[in-house]
Amino acid sequence: MEIDRRDFLQIAASLGLIGATGSTNLFAGEAGKERIKQLTFSDVVNFKAKGKATILHICDLHAHLKPLYWREPSTLISAKNLVGTPGFICGESFQKYYGIQPGSLDAYFDTHNDFSELAKKFGKMGGIAHMKPIIDHVKKERGAENVLLLDSGDTWQGTAVALKTRGEAIVDAQNYLGVDVMVGHWEFTYGKERVHELIGKLKGDFISQNVIDNDPFSDEFEELIFPPYSIKEIGGAKIGIIGQSFPFTSTANPKKFTEGWSFALRHESLQEYVNMLRKEKNVDAIVVLSHDGFSVDQELAKKVTGVDFILSGHTHDPSPEPIIVNDTVILISGSHGKYISRLDLEIKDKKVADYSFKLIPVASNLIPADKAGVDLVEKWYKPYNKELNEVLGTTKGLLYKRDTFYSTFDSLIGMAIQDEMKCDINFNPGYRWGTTVLPGGDILKDNVYEMTAITYPEVYTFDLKGEVIFKLMEDIADNVFNANPLLQQGGDMSRITGASYSIKISAPSGKRISDFMIGGKPIDMKKTYRVSSWGGNLQNVGENLDEKAIRPVYEVVSDYIRKQKVIDIPMESNVIVVDMDCGCPVKGATCS
């Protein structure tokens, strides 16, 4: 897609490249004016091409067909050996690590710094109608037959239109974008039958080498559920793509959705496929399309040899530069459609001789929308617009999701549940997807769905002993802060409402949490507390479940906002980290 001069001047003005008089600090003088006249969309997505083959990559779209605001975390903490390394960097630490200028478009896309102000300057991110022009441009430049679009999963779930169409609207969007190969995680929460139905509608391939049948009564016992790999030829090169779906699906999500399927990392069988593709299929390059998570994939590269590239997903990290581990190049492309990665390959003598990589920001205010994409979104949203466009209330402060311990949108959800269920303590899952609402903004019913639209949205209320609650929090902390990335299943700490605590990240397993307070009083290990939760399995270990009070979380939250009208959630966390002094520490767990 080429952009005419008028369109480009609008883009350039939005980017701040052109002043009020039409001058520009990038292209001065008469030569600069002539340069501006000749600028095309290819200048906007500036990229130094390499070789003849191109791979485009997206991950963790979470069903966001429309542009959105997405704030990166202001607290991103892990074990001391991981803090400050790619996958655990945020804020100013992120800017310094990657050399990003404050106040720039990159700073807006990659950090929480000055988010509300930069959001007003640069506008929303993502949206399939704005992703498509980038994809079309690259295909026009390179030749469509020389370009692949790979999707690392968490694509079919996360918005109202995904939930209400049981994923079909999102598969339609993938076909529109031209997804060639994908893997999965939240996709599986539609259930096995629906997953197969949606794969049948997908024009691309769904692959996974690490999902097998473990039903002893099945005819396919111990056989693969999906094809393990796909071989594609682009730019004269033969690319072997091996699928790696989320290895902890059956523990991170209710087992009922995937009963009879076994998920694991399975690096041994991955090595076997790598060897086979090299020796028997004579591929020129091997790509692992992964939903393991950025830090897990860095560990995987230490265990498996012969992989050229790992295209990662699951942990939502933007990484402007690839990570190289044992000659394997690992890249990840953010989340929610705000980035498309471009990877150009130069193949010589049956191997990768060189490559170029770039995260291309999908700045939706700066990229003219593709009409076919606008029409597709309108088609799928039209039956639900009356419900989803309802203004439930407004927010005084920023409503955001992503953070290690606390977020204002999660706090809102917790307050709503506690108000209706009259519980002592409420547990909200530490999911990393959602949306952001700017200060003074309207809160739409659609926004609430963007935080809660899962296939098991029920809020349960039941009894739990204090000792069970305390052990649960220690177990969650061990998952989130384990020094071994292979023992982290992804996600942030579960959010709690009605309680507070302190945590020492570096303490041994089971001894991290202290000063646990419920209702302003120290937790009583022998006392029985009334607990509400959603998005997990906690109700299965509780007693005295109130079956009459079970409701979808999005209805509970919507009713609360309607009642309150104006929402004012504090930015202060109810969690104190005792061994780190800031939310975005550098390597060594110190503050810059």
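Predicted model: local features only at pLDDT ≥ 70, side-chain atom pairs only at ≥ 80, totals over all residues.
Residues are numbered from 1 along each chain as its sequence is written, and side-chain values use heavy atoms, with hydrogens and water left out.

Helices (H or I, at least four residues) and strands (E, at least two) are DSSP runs numbered from the N terminus, and two strands are taken as paired if DSSP finds at least two bridges between them. Strand β15 (residues 391–395) is joined by three bridges to strand β17 (residues 442–444), and the two run antiparallel; Val-391 has Leu-444 as its bridge partner in β17. Strand β15 is also joined to strand β25 (residues 566–567), here by two bridges and in parallel orientation, with Ile-567 in β25 as the bridge partner of Thr-395.

Strand β18 (residues 458–465) has six of its eight residues buried, so it is largely enclosed by the rest of the structure. Buried denotes under 20% relative accessible area, exposed over 50%, and partly exposed in between (1.4 Å probe, protein chains only). Six bridges connect β18 to β23 in antiparallel fashion, and Lys-465 stands opposite Thr-528 in β23. An antiparallel pairing through two bridges also links β18 to β24, where Pro-552 is the bridge partner of Glu-458.

The structure holds 26 aromatic pairs. Rings of Phe, Tyr and Trp (its six-membered ring) pair if their centres lie within 6.5 Å; planes under 30 degrees apart count as stacked, over 60 as edge-to-face and the rest as tilted. Among these pairs, Tyr-431 and Trp-433 are stacked, at 5.3 Å centre to centre with 15 degrees between the planes. The rings of Tyr-431 and Trp-534 have centres 5.9 Å apart and planes at 90 degrees, so this pair is edge-to-face. The latter pair links distant parts of the chain, 103 residues apart: Tyr-431 lies in the loop between β16 (425–428) and β17, and Trp-534 in the loop between β23 (528–533) and β24 (551–552). Tyr-431 is buried at 11% relative accessible area, as are Trp-433 at 2% and Trp-534 at 4%. Elsewhere, Trp-156, Phe-188, Phe-206, Phe-226, Trp-261 and Phe-263 form one aromatic cluster.

A charge sits over a ring if NZ of Lys or CZ of Arg is within 6 Å of the ring centre and within 35 degrees of the ring normal. Lys-66 lies over the face of Tyr-381, 3.9 Å from the ring centre, and the charged end of Lys-132 sits over the ring of Tyr-176, 5.3 Å from its centre.
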